[in-house]
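Open the model in your viewer and keep the selection tool ready. Each stop below says what to select and what is there.

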Amino acid sequence: MAASMGAALIRRKVREPVRVFCRYRYKKKWATSFVGPSSPRLALKLFDVTYSAQFGDVWPSVRIGLLSEQKYGALINKFSSVDGVTRGLRSRSAIDFLSEARTAMAEVSHHSNLTCFTFPRGDISRFPPARSGTRALLDYYLLDAASLLPVLALDVQPDHRVLDLCAAPGGKTLALLMEDCRFLAANDASISRCNRLRRVLHSYIPWEVRTEDRVRLTSRDGADWPEDAMYDRVLVDAPCTTDRHSLLEEENNVFHRTRTRERQSLPLLQSRLLLSGLRAVAPGGDVVYSTCTLSALQNECVVEQVLGVAASEYGIHAEVRDLCGFREIFRKTFNFHEGARLGELVLPHLTANHGPLYLCKLRRVH
């Protein structure tokens, strides 16, 4: 009896379909739902490899600065109630770092109408939110004070036509308008970012300055700019890995695993934008290339690549202008890297946690 029951069980098992569990049967689904390292963690891992080799013993202090709260500056809106807001900021022990540097800037043939307050080195105070002043315009714009260096390097004059090729979110665009240029073309490839830029201009700039004969907003591919040799000054504040944002924010992080190709193609995009800027500036005019990354591949290497391509393929010859004077003028406010091969690089540091900000000035010879 027991033997017959055992035989029946065996036959039943043989008749039942054999279930084979294949580990890779749903590979595609698993790949899309797999939760790997966060984007900031991946960014930090890659930065530790590349930047430790690039900066050596300096990297640990820069790393701490990048992972700590950023220091801001308050760009005063010259179209609002300037006197009242500057008195209020001085009462908080903030200083106008541009006012202190104005005499030294004049000695190197640079002038500026800008006013920007920062807190001294080691002071981690925060600025209160901006308020509406006269004419319902906000009285200052909060930004990384180092981001004004490219605008200062352009040395905009009142009769200049200026192109801001990658204008959003708008801090540098506001600064260019406050330098009283004759005409400003502000462009950004992203329609949503361009709309944000438009809102910023409405909040800070009076309507008579935003007229079409003074300011033109466009949303087109800056790498395919249609106007050649039309501008006296061009700012190319190129998209980059935005190192500080990449380490601190998951949202819109270029180190997300779905954006690997986009991140790897950044140097090509940056080169195309800078080449477009050199084509747009008139002979004798200046282009300033800037990023907010520490990466030499996105900074000096892009400049070197574009200088060669511009000369060989377009007959455009440009030379790098010396900005080492900025290092001396602004050393009280910013921490500069002493080893930049081309241009200048502001390094984050706990005592002066601005940047990173890279800038390089090129003059089109012919």
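Buried stands for under 20% relative accessible area, exposed for over 50%, and partly exposed for what lies in between, with a 1.4 Å probe and protein chains only. Helices (H or I, at least four residues) and strands (E, at least two) are DSSP runs, numbered from the N terminus. The model is a predicted one, in which local features need pLDDT of at least 70 and side-chain atom pairs count only at pLDDT 80 or more, while totals for chains, interfaces and linings use all residues. Residues are numbered from 1 along each chain as its sequence is written, and side-chain values use heavy atoms, with hydrogens and water left out.

Now select Val85, Thr86 and Leu89, the buried residues of α5 (residues 82-91). They cover an arc of only 100 degrees around the axis, so they sit on the same side of α5; the arc is that of the directions from the helix axis to the C-beta atoms. The buried residues of α5 pack against β1 (73-76), β3 (116-118) and β4 (140-143), where contact means heavy atoms within 4.5 Å. Just after α5, Ser93 has a positive phi of about 75 degrees.

Next, select Gly133, in the loop between β3 and β4. Leaving aside residues up to four places away in sequence, Gly133 touches Ser80 and Ser81. Gly84 is 49 residues from Gly133 in sequence, yet their C-alpha atoms are 9.1 Å apart in space.

Move on to helix α12 (residues 266-280) and helix α13 (residues 300-314), which pack at an angle of about 50 degrees with axes 9 Å apart. Axes are lines fitted to C-alpha atoms, for helices over the stretch in contact, and angles run from 0 to 180 degrees between N-to-C directions. α12 is therefore oblique to α13; under 35 degrees counts as roughly parallel, over 145 as roughly antiparallel, 65 to 115 as roughly perpendicular and the rest as oblique. Residues in this contact include Leu274 and Leu278 of α12 and Val306 and Val309 of α13.

Last, select helix α8 (residues 171-178) and helix α9 (residues 191-204), packed at about 40 degrees with axes 10 Å apart. Thr173, Leu174 and Leu177 of α8 meet Leu197, Val200, Leu201 and Tyr204 of α9.
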